[in-house]
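Open the model in your viewer and keep the selection panel at hand. The tour goes stop by stop, with a selection and a short note at each.

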Amino acid sequence: MGSTAETAARIATAIDAWNNGPVAKSLAKFPEQRTAFVTASDKKVERLYGPDASIFDDYDRKLGLPGQYPFTRGVQPTMYRGRFWTMRQYAGFATAEESNKRYRYLLEQGTTGLSVAFDLPTQIGYDSDDDMAAGEVGKVGVAIDSLADMETLLEGIPLDKISTSMTINATAAILLAMYIVVGEKQGVAADKLNGTIQNDILKEYIARGTYRFPPKPSLRLISDIFGYCTERVPNWNTISISGYHIREAGSTAAQEIAFTLADAICYVDTAIKAGLKVDDFGPRLAFFFASHSDLFEEVAKFRAARRLYARIMKERFGAANPKSLMLRFHTQTGGVTLTAQQPENNIVRVAIQALAAVLGGTQSLHTNSKDEALALPTEEAVTVALRTQQIIAYESGVTNTVDPLAGSFFVEKLTDELEAEAEALIKQIDERGGVVAAIEQGFIQKQIEQSAYRFGQSIDSGDRVIVGVNRFTSGDEPDIDLFEVPESTTQRQVEKLQRVRQSRDSKKVEAALANITQAAASDANLMPPIIDAVREYATVGEICRALAVVFGEYAESHS
Amino acid sequence: MEKSLKPRLLIGKPGLDGHDRGAKYVAQILRDAGFEVIYTGIRRSPEQIVDTAIQEDVAAIGLSLLSGAHNVLFGRVLELLRERGAEDVLVFGGGTIPPKDVPRLKEMGVAAVFTPGTPAREIVETIDGLLAQRPAV
Amino acid sequence: MERSLDQLVSEARGGGPRSQRAAARLMSVMTDQPHRLAELLAGSRDWPQPRLVLGITGAPGSGKSTLADHVVAELRALDPRRKVGVVAVDPSSPFTGGALLGDRVRMMRHATDSMVYIRSLASRGHLGGLALGAKGVVRVMGLVGCDIVVVETVGVGQSEVEIAQNADVVVVVLAPGQGDSIQMLKAGLMEAGDLFVVNKADKPDAAQLQQQLLAMLERSRTARLDLAHGASEPLVCHGPQLQGPGGPIDIQQDRPPPPMDFDEETPGVFLCSAANHQGIKEFVAALEELTTRQAALWQARRQEQAVEEIRQAVLEEVRRRVSHVLQLNGNGENQIRRILAGETTLNELVDWLMDVAASGTNAKSPAASDAKSHLRTEAAGRAEFA
């Protein structure tokens, strides 16, 4: 018996010989289907992988044990043997009344956490009666103008028992303030609240577009939230640093890791500069990734992201608390992989993607519904999506052991490659002066755009097959029942908003808004004055305008 | 021979949704097909889009929208074009659009609707065809 | 809905609701219909003209569009009654001829401002005659009442530099952290600049870039003075002394001191952070001052250029017509092959081409050039515009 390195070298030689001998002979008769095989992200894939000695020789540094640095194998010691991931279905539409009903339905069906989708005017900070909101009220999520809407949205949902994730960024401080005040009114103290706000503004500039203020004041809002929650809402996840939308915009898997972690680096830097200690807020940082259909690449991506993040937090920022080093993440299956054609096929895609997320060790999961390439999902479609998670959890057996794909020659190799590629990209961003500079230069947007273009071209050329789209098409598509946001939504919401405006104490509202503007111009933490204004039923739009007086507004500057 | 000039096109994103992957991709394939394409960026009002289209003297406007606000916003673009005496400018659209809405959009005056997964070739050919049918101006 | 050029001109000039559309159509005629360009340029002599045509050029990523955007905002803020035009030029794809014109993205806040007219152009390579078309677009902006027109081009490529040089004042924009800026200065962009903006002045390396730029400009000024008038410092002559009737000649004494005038001043360098609107007020104030001082001179210069413009437009049209004949039905290639085969000469082919192009007919070959057919060619039956 030789050393592991000798064994690996011997096997590598054998594989070479195999490729040049029997394989070459067989290829002459039966050529492979393609001349080059690549992953969904265009990474080259070999015919056969052998063992890499480093898995054994360098085991502690590369893999470690579950729940231990560098967390490649997972962030908890027992993973799904202890508890399944949180099954969290993103939902929200029309007005607070309708969304509240949908949440109660989902809880009855066995979801274990809420995930609130807001409409675009709420996300950007326009009231429902603003000209800018035309056509958008209640469309991609629920419309929230004031505390009154939030009270309705969460009615009958015990905030001390349920954890709530809110996809909200530019206006995160305001919606969090509303959540805290609704908690108060339910008799739940802030330190008993559980949940997550997305609060990741950088990826809005990169990929998602719901920014309102320029980067600098936006980052200040974020560190104000960090500071406030560390003291008052200690169980709240103050940010969910999101690669999901970067991937949706067309990035590769490696770019998804790199740009997300580059954003994380910026947030940690900002918080440290604001005087916070990395081990105080580090444990509250959470992540959000996409899961696409290339199963092994996705599993490798999750593992590589965990390993790279742990190393960055330890080596770059000197974090010592193991909880600061853990990359905990939510996953959503890939919205862009859904096809409008033959929508039933999407159920299968979602199942593969959800499996990849579970094999990759996710902490929570949203599975898309089959009809989402066409509209918001129907209740029936959402139920199938949720059942998909339950089947993986309860029937597939993949949850019985921790990190079941570890040691796969292919998956370990892909993990190494993705980590190296992501790290090289982060270095390029560092050289450009950090992620904000790289965004301002359009570097990141350009990288994503080029990947998206290449991917699109590979489909248009037929090189990449999408079943039902560029192969196995079936002509006329049968009609499927789609969900519709009621036409009356805007009118009902605007009427409610007007009632709120009439019934509140407008003097108090004005004073509270003036306090916000004043605080924005100073160094004071913005959360207390925002909470005060929310309590007086100041609207999201009004609060944003009060901030914009000092902050200004951001407009896209790269094509 | 000098290539005959293809008409100028505008790709715009009305409304508040920031998902510009599709809009940019369509702009790129139209560029690859020899068009000069003016791209507006995200979160543009119908007024901004129509004023831009008029100043740029484009033959067609492509609108991309994923938020579901298409009925309102596409309609507003068409209305503004009429108000400005520019109803000869073609309007086509794409995005997350339920099949049920397509006839309604066409009735409003949208010349073509491309849903996700439409091949690039089909988009280019359709636009080429629509522009060829246009009365010479 | 056929409309003549005159109608379009009067609609554009009238400022009514249809003015923008008519102006936009006229601009398309200027850029897309070279055969009408000479006519239109000649007819545009009495159109109102902008007081200042400002060229902005620089390396990709230096922030040209952002600067243009903020200059426009500043100009509009200074005088709400003033119309401002922007011509933004982006490169065409050399492979497909298509182009993605994205400069608008940075200027959308002006999109609904009826006092701001923005037009995006594709450079169309060096054969498109865009420099002249762009000039025509500027002319139309003058027609609709623009007081100042900003022409923004990527400072690479012959055509782009030419477009910029049609401006009264050319501003070269540089930004720190981009090796490209210095490279482009070395490659000739420096000579194109009347003014320089070091943009992104909030970045740490901006001061260093400004120093580099000032040093280069000073060297270049010295070199220019050398060329024009000899050295500004005494030459040390190591060669044999010249002997005159009165003994050795002192070369330096006989040389007059170099006269200094406006053109030999070191061009102004401005530090801006366009994205933050910093330094923009100062820059615009300097432009205003320069315009007040020079506007009459520029008007006169544009008048002088009239002959040259028409000459270029005519040449462009000749080139177009002749190359059109050479392409017709593949016959052109056959004719060229006949030269290769020795059946005709280059001169004969040229004479024939000009003859055909002039008469708008499709003659059989140079050897039979007297037997002209009377078929109208495609070249003559050009599409009308509305």
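Contact here means heavy atoms within 4.5 Å. Keep in mind throughout that this is a predicted model.

**Stop 1: chains B and C**

Select chain C and chain B together. How many residues of chain C are in contact with chain B? The count is 36, and they meet 31 residues of chain B. About 3000 Å² is buried between the two chains. Carbon and sulfur atoms give 49% of that area.

**Stop 2**

The interface of chain C and chain B holds 4 salt bridges by the rule applied. For one of them, select Arg25(C) and Asp57(B). Their side chains meet at 2.9 Å, N to O. Polar contacts between chain C and chain B come to 21 residue pairs, with both residues at pLDDT 80 or more.

Next, colour chain C by secondary structure. Which elements each supply at least two residues of the side that touches chain B? They are helix H2 (19-32), strand E3 (99-101), strand E4 (116-122) and helix H10 (280-327) of chain C. E4(C) gives the largest share, 7 residues. By type, the side of chain C that touches chain B divides into 15 nonpolar, 10 polar and 11 charged residues.

**Stop 2: a strand pair between chains**

Zoom in on Ile38(B). Opposite Ile38(B) stands Leu101(C), in E3(C).

**Stop 3: a positive phi in chain C**

Move along chain C to His277(C). Its place is the loop between strand E10 (268-271) and H10 of chain C. Phi of His277(C) is near 60°, a positive value in a residue other than glycine. Most residues other than glycine have a negative phi.

**Stop 4: the domains of chain A**

Switch to chain A. Colour domain 1 (1-8 + 27-66 + 253-463) and domain 2 (505-551) separately. The C-alpha centres of these two domains of chain A lie 39 Å apart.

**Stop 5: the sheet of chain A**

Show the strands of chain A. An open sheet is formed by 9 strands, in the order E5-E4-E3-E2-E1-E9-E8-E7-E6. The pairing is parallel. Why is one side of strand E5 (236-237) and of strand E6 (239-242) left without a neighbour in the sheet? Both stand at the edges of the sheet in chain A, and each has a single partner strand.

Then go inside the sheet. Select strand E8 (residues 329-333) and strand E9 (residues 364-366) of chain A, which pair in the parallel sense over 3 bridges. His330(A) stands opposite Ser364(A) in E9(A).

**Stop 7**

Over all chains, the structure holds 71 salt bridges. One to view joins Glu379(A) and Arg102(A), whose side chains meet at 3.7 Å, N to O. This pair links distant parts of the chain, 277 residues apart. Glu379(A) is in helix H16 (residues 379-394) of chain A, and Arg102(A) is in helix H4 (residues 96-108) of chain A.

**Stop 6: backbone details in chain A**

Select Tyr69(A) and Pro70(A). Is the peptide bond between them cis or trans? The bond is cis, with omega near 0°. Pro70(A) is in the loop between helix H3 (59-62) and strand E1 (86-91) of chain A.

Finish at Tyr537(A). Its phi is near 70°, a positive value in a residue other than glycine. Tyr537(A) is found in the loop between helix H22 (527-535) and helix H23 (540-551) of chain A.

Technical notes
Residues are numbered from 1 along each chain as its sequence is written. Chains are lettered from A and ligands numbered from 1 in the order in which they are written. Side-chain values use heavy atoms; hydrogens and water are left out. Buried area is the accessible area (1.4 Å probe) that two parts lose on being put together, summed over both. A polar contact is a pair of N or O atoms within 3.5 Å; within protein, one must be able to donate a hydrogen and the other to accept it, and residues adjacent in sequence count only if both atoms are side-chain atoms. Helices (H or I, at least four residues) and strands (E, at least two) are DSSP runs, numbered from the N terminus. Ala, Val, Leu, Ile, Met, Phe, Trp, Tyr, Cys and Pro count as nonpolar, Asp, Glu, Lys and Arg as charged, and the others, Gly among them, as polar. Two strands pair if DSSP finds at least two bridges between them. Domain bounds come from an automatic or database domain assignment.
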